[in-house]
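Welcome! Take a moment to look at the sequence and the structure, then read on.

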2 protein chains.
Amino acid sequence: MDFTVDSATPAVQASFDATPDSRLRDVLQSLTRHLHGVVREVEPTISEWNRAIEFLTAVGKACTETRQEFILLSDVLGVSMLVETINGQDVGTESTVLGPFHMTESPVRALGDSIDEVGGSRVCVVSGTVRSTSGRPLAGSTVDVWQCDENGFYDVQVPDVQPAGNGRGLFSTDELGRYWFRTVVPSHYPIPTDGPVGALLNATGRHPYRPAHVHFIASAAGHEEVTTHAFVAGSPYTDSDAVFAVKEGLLVDFVETDDAELGAHYGVEVPFIHAAFDIELAETA
Amino acid sequence: MDFTVDSATPAVQASFDATPDSRLRDVLQSLTRHLHGVVREVEPTISEWNRAIEFLTAVGKACTETRQEFILLSDVLGVSMLVETINGQDVGTESTVLGPFHMTESPVRALGDSIDEVGGSRVCVVSGTVRSTSGRPLAGSTVDVWQCDENGFYDVQVPDVQPAGNGRGLFSTDELGRYWFRTVVPSHYPIPTDGPVGALLNATGRHPYRPAHVHFIASAAGHEEVTTHAFVAGSPYTDSDAVFAVKEGLLVDFVETDDAELGAHYGVEVPFIHAAFDIELAETA
C-alpha cells in the first residue's frame with residue numbers, strides 16, 4: 001500500500017507493533033501520532049523541514065559535559081515543567097524543573113557549612129526542616145542544593161572563577177529533620193543565549209531570564225523524592241520565568257535580619273540574610 | 001498563575017504570541033500543543049524523560065559532515081515521507097524521501113557517462129525522458145542522481161573504497177528531454193545501524209533495510225522540482241522499507257537485455273541491465 005497523508009500514521013505505528021517492551025511501543029506510537037499531527041497541521045515546506053533538522057542538529061552539537069542544550073530546549077517549551085508537574089507529589093512541597101545545571105555531583109558537606117567557596121558580598125543562611133506530610137520530622141534525609149552566584153553563574157559555566165562544587169552541597173538532616181547552610185543570595189540570570197535555544201528565544205521575542213532561586217532535591221527513606229526550587233520572593237521575572245517553573249508556594253522571603261541570637265546560632269555575623277524553606281515529602285504508597 | 005497540567009499549554013503558547021514572524025509563531029504554537037499532547041498522554045517518568053534527552057543528544061552527536069542522524073530519525077518515524085508527500089506534486093511523478101546521503105554536490109557529467117568510477121560486476125544503463133505533465137519533453141532539465149554501489153554503500157560511507165562523487169551525477173537532458181547514464185544495479189542496504197537510530201530500530205524489532213533504489217531530483221524551468229527514487233522492482237524489502245518511501249508507481253524493472261542495437265546506442269557490451277524511468281513534472285502555478 002502506498003504511503004499517503006492518510007495512511008502514514010497507521011503505517012508507522014504498525015511498524016512498532018512488535019516492540020518487545022510494550023511501554024516503549026506505546027510511547028513511540030503516541031509520539032508518532034502527535035509528531036505526524038504537527039506535520040499535517042503546519043504542512044512544513046521542504047526548506048522548513050530542513051531548518052528543523054539543522055536546528056535539532058545544532059542543539060545536539062551544543063551539548064557538552066557541562067552544557068545540556070536539549071534540556072534547555074525542553075525547558076523553554078514547557079515540556080520539562082509539564083513532566084515534573086505530572087510526576088510531582090499531590091501533597092507536600094510542589095516540584096519544579098531540574099534544569100540543565102545538575103550535571104555534577106554536589107560535594108558532601110556538614111550542616112552549617114558554606115556552599116559559597118568564593119566569598120560573596122552578603123552572607124545568607126538557608127534553613128528548614130524536612131518533614132513527612134504527616135508532620136513527622138525526617139532525620140537523616142538528603143538535601144541536595146545547587147545555585148548560581150551573585151552574578152548569575154553556576155560553577156560549571158565559569159570554571160576560571162568558581163571552583164568545581166561552588167554553590168553546591170549535599171546535606172543530611174539532623175535528628176530533628178533540620179538542615180541549614182551558608183551561601184550567598186543567588187541572582188536572577190539569563191539561561192545560556194549563545195546557542196540554538198538562545199537563538200530561538202531571540203527569534204520569538206522571548207527574554208531568557210529566570211528569577212533568582214536555589215535548587216533542591218530532597219529525599220528520605222519511604223518517601224517520594226522532590227525536585228524543586230526556593231524562589232527568591234520579589235526577584236525580577238517571577239511572573240515570566242523563561243522555563244515556566246515558578247509556583248506561588250515556592251516563593252520564599254530572603255530577609256535581612258540583625259537578630260544576634262540567630263546569627264550566633266548559625267555562626268554568622270549580623271546583619272545577614274535568612275531564608276526559611278521547609279520541605280514536606282509524601283510517604284510512598 | 002501556577003503552571004499546572006491544564007494551564008501548561010496555553011501558557012507556553014502565549015509566550016510565543018509576540019513572535020515577529022507569524023509563520024514561526026504558528027509552527028511553535030502547534031508544536032507546543034502536540035508535544036504537550038504526547039507528554040500528557042504517555043505521562044513519562046523523570047527517568048524516561050532523561051532517556052529521551054539522552055537519545056536526542058546522542059542523535060545530535062552522531063551527526064557529522066557525512067552523516068545526518070536526525071534525517072535518519074525523521075525517516076524512520078515516517079516524518080520525512082509525510083513532509084515529502086504533503087509537498088509532492090498532485091500530478092506527474094510521485095515524490096519520495098530525500099534521505100540522508102544527499103550531502104555532497106553531484107559531479108556534473110555528460111549524457112552517457114558512467115557514474116560508477118569503481119567498476120561493478122554488471123553494467124546497467126538508466127535512461128528516460130523528462131516531460132511536462134502536458135506531455136511536452138523538457139530539454140535542458142536537470143537530473144541529479146545518486147545511489148549506493150553493489151555492496152549497498154554510498155561514497156561518503158566508504159571513502160577508502162569509493163572516490164568522492166562515485167555513484168553520483170548531475171545531468172542535463174538533451175533536446176528531446178532525454179537523459180541516460182551508465183551505472184551498476186544498486187543493492188538493497190541497511191540504513192546505518194551503529195548509531196542511536198539503529199539502536200531504536202533494534203529495540204523495536206524493526207529491520208533497518210531499504211529496498212534497492214536510485215535517487216533522483218529532477219527540475220526544469222517553470223516546473224515543480226521532484227525528489228524521488230526509482231526502486232528496483234523485485235528487490236527485497238519493497239514492502240517493508242525502513243523509511244516508508246516505496247510507492248507502487250516508482251517500482252522500475254531493471255531488465256537484462258542482449259539487444260545489440262540498444263547496447264551500441266548506449267555504448268555498452270551486451271548483455272547489460274536496462275532500466276527505463278521517465279519523469280513527469282507539473283507546471284508551476
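What covers the buried residues of helix 6 of chain B? The cover includes helix 2 (22-42) of chain A, together with helix 3 (46-62) and helix 4 of chain B. Please keep in mind that this is a predicted model.

**Helix 6 of chain B**

- Helix 6 of chain B spans residues 196-203, and its buried residues are Pro196(B), Val197(B), Gly198(B), Leu200(B) and Leu201(B).
- After helix 6 of chain B comes Gly205(B), which has a positive phi, near 70°.

**How the two chains are related**

**Aromatic rings between the chains**

- Over all chains, the structure holds 17 aromatic pairs.
- One of them joins Phe3(A) and Phe244(B): the ring centres are 6.0 Å apart and the planes stand at 40°, so this pair is tilted.
- That pair crosses between chains, with Phe3(A) in the segment before helix 1 (8-15) of chain A and Phe244(B) in the loop between strand 8 (226-232) and strand 9 (251-252) of chain B.
- Phe3(A) is buried, with a relative accessible area of 6%, and Phe244(B) is buried too, with a relative accessible area of 13%.
- Phe70(A) and Phe70(B) also form a tilted pair, because their ring centres are 6.2 Å apart and their planes are at 45°.
- This pair again crosses between chains, from helix 4 (residues 69-76) of chain A to helix 4 (residues 69-76) of chain B.
- Phe70(A) counts as buried at 2% relative accessibility, as does Phe70(B) at 3%.

**Charges over rings**

- Arg206(A) places its charged end over the ring of Phe16(B), 5.0 Å from the ring centre.
- In the other direction, Arg206(B) lies over the face of Phe16(A), at 5.0 Å from the centre of that ring.

**The sheet of chain A**

- Chain A has an open sheet of five strands in the order 3-2-7-8-9, with mixed pairing.
- Strand 3 (168-172) and strand 9 (251-252) of chain A stand at the edges; each has a single partner strand, so one side of each is left without a neighbour in the sheet.
- Strand 2 (residues 142-147) of chain A pairs with strand 3 of chain A in the antiparallel sense over five bridges, and the bridge partner of Val145(A) in strand 3 is Gly169(A).
- Strand 7 (residues 213-219) and strand 8 of chain A run antiparallel and are joined by six bridges; Ala218(A) has Val226(A) as its bridge partner in strand 8.
- These two strands form a hairpin with six residues between them, and Gly222(A) in the turn has a positive phi of about 75°.
- Strand 8 of chain A runs parallel to strand 9 of chain A, joined by two bridges, where Val232(A) has Val252(A) as its bridge partner.
- Are the residues of strand 8 (residues 226-232) of chain A buried or exposed? Seven of its seven residues are buried.
- Val226(A), Thr228(A), Ala230(A) and Val232(A) point one way from strand 8 of chain A, while Thr227(A), His229(A) and Phe231(A) point the other way.

**The sheet of chain B**

- Chain B has an open sheet of five strands, again with the order 3-2-7-8-9 and mixed pairing.
- Its edge strands are strand 3 (168-172) and strand 9 of chain B, each pairing on one side only.
- Strand 8 and strand 9 of chain B pair in the parallel sense over two bridges, and Phe231(B) has Leu251(B) as its bridge partner in strand 9.

**The nonpolar core**

- The largest nonpolar core has 115 residues, and those with the most contacts inside it are Val76(A), Phe216(A), Phe254(A), Val76(B), Phe216(B) and Phe254(B).
- Phe216(A) also belongs to an aromatic cluster with Phe171(A), Tyr179(A), Phe181(A) and Phe277(A).
- Leaving aside neighbours within four places in sequence, the contacts of Phe216(A) include Val145(A), Trp146(A), Tyr179(A), Ala230(A) and Phe277(A).

Methods
Residues numbered from 1 in each chain as written. Chains lettered and ligands numbered in written order. Predicted model: local features only at pLDDT ≥ 70, side-chain atom pairs only at ≥ 80, totals over all residues. Heavy atoms only, no water. Phe/Tyr/Trp six-rings, centres within 6.5 Å; stacked < 30°, edge-to-face > 60°. Helix = DSSP H or I, 4+ residues; strand = E, 2+ residues; numbered from the N terminus. Buried < 20%, exposed > 50% of the residue type's maximum accessible area, 1.4 Å probe, protein only. Lys NZ or Arg CZ within 6 Å of the ring centre and 35° of its normal. Pairing = 2+ DSSP bridges. Contact = heavy atoms within 4.5 Å. Core = buried A, V, L, I, M, F, W, Y, C linked by side-chain atoms within 4.5 Å.
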